[in-house]
Amino acid sequence: GNNNNNRRRRTRSRRTLSLRHLWVRGCNLSTMSRNQWADVFDALSESSGPLERLTLSRNRMKYLHGNVGKLKSLTYLFVED
């Protein structure tokens with residue numbers, strides 16, 4: 001409904017990312033919801049970098065969201081928790 005329309009508008013107005021490597025370390029990501037994780041990986045999948053390397057280290061993660069599979073150009077994924 002209306003929430004989906006608002007989300008689409010926000011998605012269209014976002015700036016395109018130009019990331020090749022992303023390293024996230026020492027953040028408390030244990031409270032992120034499934035929807036928040038989905039949004040993160042949706043945004044990263046649109047990177048014009050293209051995103052090749054993703055490192056998630058010491059972030060107190062409970063799980064890795066399945067949308068990580070949307071990162072088609074990813075050649076290196078390192079998760080340490």
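Helices (H or I, at least four residues) and strands (E, at least two) are DSSP runs, numbered from the N terminus. The structure is a predicted model, in which local features need pLDDT of at least 70 and side-chain atom pairs count only at pLDDT 80 or more, while totals for chains, interfaces and linings use all residues. Residues are numbered from 1 along each chain as its sequence is written, and side-chain values use heavy atoms, with hydrogens and water left out.

Strand S3 spans residues 76-80 and includes Val79. Val79 counts as partly exposed because its relative accessibility is 40%; buried means under 20% relative accessible area, exposed over 50%, and partly exposed in between (1.4 Å probe, protein chains only). Together with Leu64 and Leu77, Val79 makes a nonpolar surface patch of about 210 Å². Such patches consist of residues with over 30% relative accessible area and no salt bridge, nonpolar side chains (Val, Leu, Ile, Met, Phe, Trp, Tyr) being joined within 5 Å and like charges within 9 Å. A salt bridge is a side-chain nitrogen of Lys or Arg within 4 Å of a carboxyl oxygen of Asp or Glu. Accessible areas come from the Shrake-Rupley method with a 1.4 Å probe, and for residues only the protein chains shown count as cover.

Arg25 belongs to strand S1 (residues 21-25). Because its relative accessibility is 43%, Arg25 also counts as partly exposed. Residues up to four places away in sequence aside, Arg25 touches Ser57, Arg58 and Asn59, where contact means heavy atoms within 4.5 Å. A distance of 9.7 Å separates the C-alpha atoms of Arg25 and Arg60, which are 35 residues apart along the chain.
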